[in-house]
Amino acid sequence: GVLEASRGPTWGRSRHVHWHGTAKASPSRPQPAPLGSRTYKANPTYKSPRNKTHHPRQVHPRGVKLELGPAGKVPLVDTLVMSNLGYFQLKAAPGEWTLGLAPGRSRELFSVARDDELEADHGMEGAAAPRNQGGLTFELPVTVDSLMGHHLRLFLKKDPAWLDEDVLAPSPGTGPTVGVWSSLPVWGVKKDEAPAPAKEGEDARIHIFTVSSGTMYERLQKIMILSAVKRTSARLKFWFIKNYMSPQMKAFIPVMARRYDFDYEFVTYKWPTWLHKQSEKQRIIWAYKILFLDVLFPLGLKKVIFCDSDQVVRADLAQLWATDLQGAPYAYTPFCDTNKEMEGFRFWKHGFWKDHLQGLPYHISALYLVDLDRFRTLAAGDKLRILYERLSKDPNSLSNLDQDLPNYAQSIVPIHSLDQEWLWCETWCGAASRPAARTIDLCNNPLTKEPKLQSARRIIAEWPALDREVEELTAAVTAAAGRARELEAVVASDSLFRARLAPMVEGVVGGQGRDASEL
């Protein structure tokens, strides 16, 4: 299920279809076009909360954290309330649930308003009733009983002593005030230093999220995953946006995860009905890369790296993970400037973009690191969605949506520029810088229009071995056809090809061959 909001007066009367479907089975190999055979899971929806204060007006309590789960047990899902119409969304199966304010800042400043505190002249009849009718309460029961969506009107009140406090600001004495850049703590290490070990109780994994659609990109995505696992010293967890994953890919990832010892999770987010939606599938996928970063993942996830499917990782991603973002919520690599043949295609160097950027770099969106805590604290997701809503209705704006939006928004959502070697792309970068490349991206080349698979074999020395490894594993998983005993044999097999990756030397990667060891 999904908790969702409609615009003001339509609350409780929306007739939008609230199902959120993903492919469960397909008779053929996946293609970029929509699949023909699907089954659907229904996603009940809920209304967003409003903040009930002692002021004569109501405001949306943006940044409030909400949780949903069985009564008296650990919550299963959580989310933030957006400033965009006070919207929130949570998944829930049919049944009895408890919706509540998350411990911490949200409970310090807010509580659920009681029936006797809701004035009739505010139009609050029918609001959900909290369990405790006396004193403060922070949760209320919710029944999900409709496949068409359940709309809940949740009203919050703010402690009169804290009316001017921002829920996104740290509690007094716990950290810097939001927006005070000069007092921000410095964390991380220099690019060539070893990352500090995780403290006891902290998640020591490196988290990567990615999205792909279609046979070719899923093939490339498997190679990206394999290269990241082989090159990175820390344990990895991959987050897949499952909206456009084929059934075959969903079945393949659990087997690959067991064989290469990484973690994974499939995540999704139903496109809000109030947000201007793209009509082209590729542009929708681009939008998912940037518009929902604050709410796509569990709130306990502190950082995440986005990695394009058509990338090959050549360095330890622990070094990128430890980068000091210097107060920015995310970090991207600026476009290379060293392939002079492409000078005429560098649109950011003239016209509108040159005037708008005012000397700031234009960054590529194939690889970026997000400090999710900082991103949420700055309400960066709200700012990006507001900007997107304004720009996206103009067909001449946001041609490269996932790239143009964060670059355009640098004045309100700053970008930390990564060192150039973190992303090398032949289209924009000169050949002399390739040996230092930490990742290689198969950018489209508007001059040559060379197919990606062809350029991958030509540019990336280790690519054929990585491709062979994932193709043999894919064939074995397909042959097992979901039979548990055969899949177990695939996970443990020593006969399948494994590529050994030595440190990169220009044009040559040593140690390619049939070997069970991995570096």
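Mentor: A crossing of two helices is called right-handed if the near helix is turned clockwise from the far one by less than a right angle, and left-handed if it is turned anticlockwise. With that in mind, and remembering that the model is predicted, look at helix H2, which spans residues 215-231, and helix H11, which spans residues 463-480. H2 passes H11 in a right-handed crossing, and the contact draws on Arg 219, Leu 220, Lys 222, Ile 223, Leu 226, Ser 227 and Lys 230 from H2, together with Trp 463, Leu 466, Asp 467, Glu 469, Val 470, Glu 471 and Thr 474 from H11. The axes of H2 and H11 lie 9 Å apart, and the angle between them is about 110 degrees. Angles of 65 to 115 degrees count as roughly perpendicular, and H2 and H11 are therefore described as roughly perpendicular to each other.

Lys 237 belongs to strand S9, residues 236-241, and it counts as buried because its relative accessible area is 9%, where the cut-off for buried is under 20%. Residues up to four places away in sequence aside, Lys 237 touches Arg 205, Ile 206, His 207 and Ile 208, and also Asp 263, Tyr 264 and Glu 265. Thr 333, for its part, sits in strand S13, residues 330-334, and is likewise classed as buried, since its relative accessibility is 0%. If its neighbours within four places in sequence are left out, the contacts of Thr 333 are His 363, Ile 364 and Leu 367, along with Leu 418, Asp 419, Gln 420, Trp 422 and Leu 423.

Finally, there is a sheet to follow. Strands of a sheet pair through backbone hydrogen bonds, in either a parallel or an antiparallel sense. Here four strands form an open sheet in the order S3-S2-S4-S6, and their pairing is antiparallel. Strand S3 (77-80) and strand S6 (139-144) are the edge strands, each of them pairing on one side only, and from one strand to the next the twist averages 25 degrees. At the S3 end of that order, strand S2, residues 65-69, pairs with S3 in the antiparallel sense over four bridges, and Glu 67 has Asp 78 in S3 as its bridge partner.

Terms used: Residues numbered from 1 in each chain as written. Predicted model: local features only at pLDDT ≥ 70, side-chain atom pairs only at ≥ 80, totals over all residues. Heavy atoms only, no water. Axes fitted to C-alpha atoms, helices over the stretch in contact; angles between N-to-C directions. Helix = DSSP H or I, 4+ residues; strand = E, 2+ residues; numbered from the N terminus. Parallel < 35°, antiparallel > 145°, perpendicular 65-115°, else oblique. Contact = heavy atoms within 4.5 Å. Buried < 20%, exposed > 50% of the residue type's maximum accessible area, 1.4 Å probe, protein only. Pairing = 2+ DSSP bridges.
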